[in-house]
Amino acid sequence: MENFDPAQGIVLHDSLQQLVNDVLVWIGFGTAVGLLAKGIMPGRDPGGAIATILMGVGGTIMGCGICSYFNHGQRIIPISPLGMFVGILGTLVILFFYKMLGGYYFVEGEYVTQSHRRRRRTGSRRRRYDAAAYED
């Protein structure tokens with residue numbers, strides 16, 4: 001603590017500082033890509049803010065990793081236009097499977113029509129008083 005200077009703050013090694021910088025860039029970029037993917041894909045989306053960030057980061061890692069594999073190991077950074085494009089594609093794939101596993105696209109065992117979806121959405125809000133018989 002003898003060489004600590006409060007004006008400089010915490011001094012990190014270069015490799016640790018680079019790691020922290022990369023993690024913050026991936027989280028920030030994952031948030032932006034997750035929001036863009038949710039805006040592009042039609043319909044209501046399950047999940048909140050944390051799910052959006054995780055899907056964006058996961059989709060960006062998946063997209064950049066696959067693109068890097070096919071470019072013979074060349075590193076694809078998420079801030080480049082190619083990184084943005086493959087990040088959005090990866091996030092759209094993750095969001096599609098998230099919706100599919102959540103039961104958004106189909107109901108198991110039934111034929112889903114538009115009227116069924118409308119009934120399913122509004123059925124919980126509307127109370128049906130005619131179904132119960134009240135006697136004095």
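Trainee: Where do helix 2 and helix 3 sit relative to each other, and at what angle do they cross?
Mentor: This is a predicted model. In it, the axes of helix 2 (residues 49-70) and helix 3 (residues 81-101) come within 7 Å. They cross at roughly 120°.

Trainee: What do we call that, parallel or oblique?
Mentor: Oblique. An angle of 65 to 115 degrees would count as roughly perpendicular. The crossing is roughly 120°, so helix 2 is oblique to helix 3.

Trainee: Left-handed or right-handed?
Mentor: Helix 2 passes helix 3 in a right-handed crossing.

Trainee: Which residues meet there?
Mentor: From helix 2, they are Ala51, Met55, Gly56, Gly58, Gly59, Thr60, Met62, Gly63, Cys64 and Cys67. Helix 3 brings Leu82, Gly83, Val86, Gly87, Gly90, Thr91, Val93, Ile94, Leu95 and Tyr98.

Trainee: How many of those are nonpolar, polar or charged?
Mentor: The contact of helix 2 with helix 3 has 11 nonpolar and 9 polar residues. It has no charged residues.

Trainee: Let's step back. How many helices and strands are in the chain?
Mentor: The protein chain has 4 helices and 0 strands. From the N terminus on, the order is α-α-α-α.

Trainee: And how much of the chain is buried?
Mentor: 23% of the 136 residues count as buried. The chain exposes about 10,600 Å². Carbon and sulfur atoms supply 62% of that area.

Trainee: What about contacts between residues at least 24 apart in sequence?
Mentor: Take the contacts between residues at least 6 apart in sequence. Of these, 61% join residues at least 24 apart.

Trainee: Back to helices. How do helix 1 and helix 2 pack?
Mentor: Helix 1 covers residues 14-40. It packs on helix 2 at an angle of about 100°, with the axes 7 Å apart. That makes helix 1 roughly perpendicular to helix 2.

Trainee: Which residues make that contact?
Mentor: On helix 1, look for Trp26, Ile27, Phe29, Gly30, Thr31, Val33, Gly34, Leu35 and Lys38. On helix 2, look for Thr52, Ile53, Met55, Gly56, Val57, Thr60, Ile61 and Cys64.

Trainee: And by class, how many are charged?
Mentor: The contact of helix 1 with helix 2 has 1 charged residue. Another 10 are nonpolar and 6 are polar.

Trainee: What does Val33 contact?
Mentor: Leaving aside neighbours within four places in sequence, Val33 contacts Gly56, Thr60, Met84, Gly87, Ile88 and Thr91. Take Ile88: Val33 and Ile88 are 55 residues apart in sequence. From C-alpha to C-alpha, Val33 and Ile88 are 5.7 Å apart.

Trainee: Thr91 is on that list. Where is Thr91 found?
Mentor: In helix 3. Thr91 counts as buried, because its relative accessibility is 1%.

Trainee: What does Thr91 touch?
Mentor: Not counting residues up to four places away in sequence, Thr91 touches Val33, Gly34, Ala37, Met55, Gly56, Gly59 and Thr60.

Trainee: Last one, off the helices. Where does Asn71 lie?
Mentor: Asn71 lies in the loop between helix 2 and helix 3. Asn71 is partly exposed, because its relative accessible area is 31%. Not counting residues up to four places away in sequence, Asn71 touches Ile76 and Leu82.

Conventions
Residues are numbered from 1 along each chain as its sequence is written. This is a predicted model: local features need pLDDT of at least 70, side-chain atom pairs count only at pLDDT 80 or more; totals for chains, interfaces and linings use all residues. Side-chain values use heavy atoms; hydrogens and water are left out. Axes are lines fitted to C-alpha atoms, for helices over the stretch in contact, and angles run from 0 to 180 degrees between N-to-C directions. Helices (H or I, at least four residues) and strands (E, at least two) are DSSP runs, numbered from the N terminus. Angles under 35 degrees count as roughly parallel, over 145 as roughly antiparallel, 65 to 115 as roughly perpendicular and the rest as oblique. A crossing is left-handed if the near helix is turned anticlockwise from the far one by less than a right angle, and right-handed if clockwise. Contact means heavy atoms within 4.5 Å. Ala, Val, Leu, Ile, Met, Phe, Trp, Tyr, Cys and Pro count as nonpolar, Asp, Glu, Lys and Arg as charged, and the others, Gly among them, as polar. Buried means under 20% relative accessible area, exposed over 50%, partly exposed in between (1.4 Å probe, protein chains only). Accessible areas come from the Shrake-Rupley method with a 1.4 Å probe; for residues, only the protein chains shown count as cover.
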